[in-house]
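Visitor: I am new to this structure and would like to learn how to read its features. Could you take me through them one by one?
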Amino acid sequence: MPEPRLEIEGLDGRYGTAHVLFGVSLTVGVGETVALLGRNGAGKSTLLKAIARVEVETTGAVRLQGQDLTRLMPHRVARLGVQLVPEDRRVLGSLTVQENLELGRHAAAPDRPAPSLDEVVSLFPTLAPLLGRRGRELSGGEQQLVAIARAMMGRPRLLLADEPSEGLAPAIVRQVGEVLSALRTQGDLSILLAEQNARFALDLCDRVYVIDGGRIVFGGRPEELRGERELERRYLAL
Ligand SMILES: Nc1ncnc2c1ncn2[C@@H]1O[C@H](COP(=O)(O)OP(=O)(O)OP(=O)(O)O)[C@@H](O)[C@H]1O
Ligand SMILES: [Mg+2]
């Protein structure tokens, strides 16, 4: 296994009095793509937000290459190279695609300068002709690509992608999948991919965790999960 980039140990997460994550432990290696699968309400978004230090209160350890993130403000975590692509995408409707992408640049760490716009757009050929288009004039799939591209403008070490395939037509899901597989080969980027769409995520990942009721119930290789009929039936929509 590659050296760990993200290490989570015994993480509990709460929204006020609502206890949502229970003793979560997982790792994502340098250059690894790891899927986090689970049904509606399983705790996927909560776990990604807990890593990015937004909204969720936590106890337990979250380390990025050995550095504890749990006492840091969200912008500091972003500057260390953690980029969250949120479930609702948050593409700004009144700004152009190019302006949305430029916003992502502010997250780049001082020791890791932001890539050029051209560098990022070359990874997202669909966006090249759309740079002057307003965010509100994009389809859902195009918005998803903008959200991922904007995160890449911050030159992440760890990309946290929250259900990028959600609500997209199959042809567009394929396109998002192609972009994510291209990103897998970008330097030593690590990706934690939260998905309900197991088929989509299992094709893209090196390892997989399943979360249910805020607890990790499986961790292993995609081919091991594919053989676990009972797990598939109980926790996944396969
Ligand atoms: N802001 C919040 N305040 C209180 N409870 C919340 C909040 N957000 C989520 N929850 C609860 O936390 C649990 C986990 O939710 P979470 O959004 O992490 O699930 P998920 O796996 O991302 O689901 P989905 O696939 O539907 O996005 C659910 O029971 C949900 O109701
Ligand atoms: Mg979610």
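Visitor: Which strands do the five bridges join, and how do they run?

Guide: As a general idea, strands of a sheet pair through backbone hydrogen bonds, either parallel or antiparallel. Here five bridges join strand E3 (residues 33–37) to strand E8 (residues 190–195), and the two run parallel; strands are DSSP runs of E of at least two residues, helices are runs of H or I of at least four, both numbered from the N terminus, and two strands pair if DSSP finds at least two bridges between them. At Leu 37, the bridge partner in E8 is Glu 195.

Guide: Before we go on, this is a predicted model, in which local features need pLDDT of at least 70 and side-chain atom pairs count only at pLDDT 80 or more, while totals for chains, interfaces and linings use all residues. Residues are numbered from 1 along each chain as its sequence is written, chains are lettered from A and ligands numbered from 1 in the order in which they are written, and side-chain values use heavy atoms, with hydrogens and water left out.

Visitor: What is the order of the strands in the open sheet of six strands?

Guide: The order is E6-E7-E8-E3-E9-E10, with mixed pairing, and the edge strands, which pair on one side only, are E6 (82–85) and E10 (215–220).

Visitor: Which strands does helix H6 touch?

Guide: Helix H6 (residues 170–184) packs on this sheet and touches E3, E7 and E8, contact meaning heavy atoms within 4.5 Å. Its direction makes about 155 degrees with that of E8, where axes are lines fitted to C-alpha atoms, for helices over the stretch in contact, and angles run from 0 to 180 degrees between N-to-C directions.

Visitor: Which residues come nearest to ligand 1?

Guide: A residue is near a molecule if one of its heavy atoms lies within 4 Å of it. Of the 13 residues around ligand 1, Asn 40, Lys 44, Thr 46, Glu 87 and Glu 163 come nearest, and helix H1 gives the most to this shell, with three residues.

Visitor: How far from an oxygen atom of ligand 1 does a polar side-chain atom of Asn 40 lie?

Guide: A polar contact with a ligand is a pair of N or O atoms within 3.5 Å. For Asn 40 the distance is 2.7 Å, for Ser 45 it is 2.8 Å, and for Gln 196 it is 3.0 Å.

Visitor: What is the order of the open sheet of four strands?

Guide: The order is E2-E1-E4-E5, with antiparallel pairing, and eight bridges join E1 (residues 4–15) to E2.

Terms used: Polar contact = N/O pair within 3.5 Å; in protein donor to acceptor, adjacent residues only side chain to side chain.
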